[in-house]
Amino acid sequence: MGETTIKKVEARSSPAGEMGQKYLVSGKSVSMRLWEAEPPGAPKPASRREYETVGYVIAGRAELEVEGQLMKLEPGDSWLVPKGATHRYKILESFTAIEATAPPAQVHARDSA
């Protein structure tokens with residue numbers, strides 16, 4: 001029989017990461033996290049991660065630069081950052097978004113700066 005365990009994580013009680021993210025539910029191959037009311041400011045430092053990220057903007061605006069390509073993110077937009085791509089974000093107004101990472105970002109310190 002295949003995997004039958006189900007999970008539920010409530011955002012109000014989920015653990016927070018060092019970058020301000022809230023870790024939501026996580027499986028073996030994918031995980032979700034919430035960025036909630038991230039304040040505007042200077043661009044975040046460029047980074048490269050060993051996981052793929054897809055996201056969806058709930059509120060606010062940001063800029064995302066991936067490998068030199070710049071895109072504006074607004075409510076209702078979704079995005080992809082490929083595994084290993086150099087990228088950075090700049091929050092333009094209070095920003096709330098959900099991201100999914102594959103494999104899970106928080107496993108084996110993949111989420112470390």
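Q: How far apart are the closest N and O atoms in the salt bridge of Lys22 with Glu36?
A: This model is predicted: local features need pLDDT of at least 70, side-chain atom pairs count only at pLDDT 80 or more, and totals for chains, interfaces and linings use all residues. Residues are numbered from 1 along each chain as its sequence is written, and side-chain values use heavy atoms, leaving out hydrogens and water. A salt bridge needs a side-chain nitrogen of Lys or Arg within 4 Å of a carboxyl oxygen of Asp or Glu. For Lys22 and Glu36, the closest N and O atoms are apart by 3.0 Å.

Q: How many residues apart in sequence are the parts that Lys22 and Glu36 tie together?
A: Strands (E, at least two residues) and helices (H or I, at least four) are DSSP runs, numbered from the N terminus. Lys22 lies in strand 1 (residues 22-26). Glu36 lies in strand 2 (residues 31-38), so the pair ties together parts whose separation in residues is 14.

Q: Are Arg33 and Glu99 buried or exposed?
A: Buried means under 20% relative accessible area, exposed means over 50%, and partly exposed lies in between (1.4 Å probe, protein chains only). Arg33 has 5% relative accessibility. Glu99 has 4%. So Arg33 counts as buried, and Glu99 also counts as buried.

Q: Which residue forms a salt bridge with Glu93?
A: Glu93 lies in strand 6, and its partner lies in strand 3 (residues 52-66). The closest N and O atoms are 3.2 Å apart, and the partner is Arg61.

Q: How many salt bridges does a search of the whole structure find?
A: Some salt bridges share partners, and these join Lys8, Glu10 and Arg12 into one network. Over the whole structure, the number found is eight.

Q: What kind of aromatic pair do Trp79 and Tyr89 form?
A: Rings of Phe, Tyr and Trp (its six-membered ring) pair if their centres lie within 6.5 Å; planes under 30 degrees apart count as stacked, over 60 as edge-to-face and the rest as tilted. By this rule there are two aromatic pairs. In Trp79 and Tyr89 the ring centres are 6.3 Å apart and the planes stand at 70°, so the pair is edge-to-face.

Q: What kind of aromatic pair do Trp79 and Phe95 form?
A: Trp79 is buried at 5% relative accessibility. The ring centres of Trp79 and Phe95 are 6.5 Å apart. Their planes are at 40°, so the pair is tilted.

Q: Which residues form one aromatic cluster?
A: Phe95 is buried, like Trp79. Tyr89 is buried too, at 16%. The cluster consists of Trp79, Tyr89 and Phe95.

Q: Which strand gives the largest share of the lining of the largest pocket?
A: On a 1 Å grid over the protein atoms alone, a pocket is an open set of points where a 1.4 Å probe fits, with protein on both sides within 12 Å along at least five of seven lines; lining residues have an atom within 4 Å of a point. Of the 22 residues lining the largest pocket, Tyr89 is among the closest to its centre. The largest share, seven residues, comes from strand 6.
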